[in-house]
Amino acid sequence: MDLDSSERRDVLHSWCVQADWDAPTVVGGEGARFILADGRSILDLSSQAECSNLGHQHPRVVAAIREQAERLCYIANAWGAEPRAELARRLLDLSGFEGGRVFFSLGGADANEHAVKFARQAAAKPKGLILTRERSYHGASYMGMALSGDSRTNWQVDAEAMGVRHVQPPYAYRDQHEDEGDDEFGLRVADALGRCIDESGAGRVAAVLMEPDAGTNGMVAPDSYWPALRRHTAERDVLLIADEVMSGFGRCGEWFAWQRHGEAGRPDLMTLAKGLTGAAVPLGAVVMSSAVADRLEHEMLYAGLTYCGHPLACATGIAAIAAYEEEGLIERSRAMGAGLLSELERLKQRHLVIGDVRGGHGLFAVVELAADRATRAPLAPWPQQPQQLKALVDAALGEGVSLATRGNLILIAPPLVITEAELADALSLLDRLLARFFPPAK
Ligand SMILES: Cc1ncc(COP(=O)(O)O)c(C=O)c1O
């Protein structure tokens, strides 16, 4: 069987025009690299969908999958399962949600859907409003699309009818006033959220759901933003849900990005996926505080998924957490993230097309390209991608490096196990390709 043409002809691929899909087949991987069917080794500078935080085929994770498969692949959530209980305990310990509870889902979108369901039930506002941000991404299921402030999919749902309202995001590069400091800007945008709760009527708002630090939309919140959101929501008795699907597990330099702010950043619920298993097996989770769990304790929970708390996935999560711990990957990401940001600042000085670089709290950074540095005019209207950037990505792949982009943004989010030398090589390739595809105007 010709599997290459079967993939092209028989599979429906996500986020693309089917007729245009044309990607090589991957047959293996190791560390920060994956291997193509033709034998080429590709350095993964995006951890696939910002999820393979442990790199590819991490031996500890593979061994745990094998061992659990021998013992018990599946038992429904109605029964107990050792890996499920152990993973829940580990997540509560790591997050300090003492006395809380964990609900396991299959990925990020359904974790967010369930977090909304639990928040509404706990708040006794079954159809309560959920406030999220414009230009955010929370998943591609119907509720995920409603929660997301994403112009690619918003037209497919009536967010307002689903009880979702979008507010201004903390997009400093576009919206910060010239004479305004970063923290001042963060507070101003958080204040606007406070006003939106008041205008909507605090009694009608069940929860605010947002990414605490950075997201695939390429925004990185100023440090003042998240603690201010926490204050505004707590003062109004509105629950705060942190979408840690992408930002968790070291991506932003902490186990969970809100921990950057200590207790002042603690949400009421948080959602996880991606790095939870290092993406080796699908798994998501909703972790909730004891206060939220207590409110649900004696009520019927109308929620379930055939695979929720799947033992094989939970055993993978336990092994992934052990790998992050044993290899010091959270701290490593924090240290390497700072180095990554300064290297990108250096590239910004060399390439006029770079309008802004941001992130670097961990191994996640964003390069925003602009047509004109002074006016900040985008190269292409969001979310379209400029042709030259497409060509740059193709050229990078030709030279063995896989880059993720969104619109005018290059997202750099390598596996946390990437070596210093691999990262340095990839950045020097980026330097060369920026010079080739965006030469300074004569
Ligand atoms: C912040 C955030 N939330 C939710 C999701 C959706 O996760 P999933 O694709 O596992 O449904 C993503 C995926 O990119 C994400 O980045």
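**Entry 1: a hairpin**

I count two strands as paired if DSSP finds at least two bridges between them. I keep in mind that this is a predicted model. I looked up β11 and strand β12 (residues 365–372) with that rule in hand. They pair in the antiparallel sense, over five bridges.

Next I checked the turn. The hairpin of β11 and β12 has five residues between the strands. There I noted G360, which takes a positive phi near 80°. Is strand β11 mostly covered or mostly open? I found strand β11 (residues 354–359) mostly covered, with six of its six residues buried.

**Entry 2: two domains**

I turned to the domain assignment of the chain. It gives domain 1 as 3–58 + 328–437 and domain 2 as 61–326. I noted that their C-alpha centres lie 25 Å apart. How many residues of domain 1 are in contact with domain 2? I read 30 residues of domain 1, in contact with 26 residues of domain 2.

Which elements supply the touching side of domain 1? I listed α2 (47–50), α12 (329–350), β11, β12 and β16 (409–412), each with at least two residues. The largest share, five residues, comes from α12. I sorted this side of domain 1 by class: twelve residues are nonpolar, eleven polar and seven charged.

**Entry 3: an open sheet**

I then traced a sheet of seven strands. It is open, and its order is β4-β10-β9-β8-β7-β5-β6. The pairing is mixed. I marked the edge strands as β4 (101–105) and β6 (164–167), since each pairs on one side only. Neighbouring strands of this sheet are turned by 20° against each other on average, direction ignored.

I looked inside the sheet as well. Strand β5 (residues 129–133) pairs with strand β7 (residues 205–210) in the parallel sense, over three bridges. I130 stands opposite A207 in β7. What packs on the sheet here? I found helix α8 (residues 182–200), which touches β5, β6 and β7. The direction of helix α8 makes about 145° with that of β6.

**Entry 4: the ligand**

Last, I looked around the ligand. I noted 15 residues surrounding it, the closest being G107, G108, A109, V245 and M246. Helix α5 (residues 108–122) gives the largest share of this shell, three residues. By class, I noted six nonpolar, seven polar and two charged residues in the shell.

Conventions
Residues numbered from 1 in each chain as written. Predicted model: local features only at pLDDT ≥ 70, side-chain atom pairs only at ≥ 80, totals over all residues. Buried ≥ 20, exposed ≤ 12 C-beta atoms within 10 Å, placed from the backbone. Helix = DSSP H or I, 4+ residues; strand = E, 2+ residues; numbered from the N terminus. Near = placed C-beta within 6 Å. Nonpolar A, V, L, I, M, F, W, Y, C, P; charged D, E, K, R; others polar. Domains from an automatic or database assignment. Contact = placed C-beta atoms within 7 Å. Axes fitted to C-alpha atoms, helices over the stretch in contact; angles between N-to-C directions.
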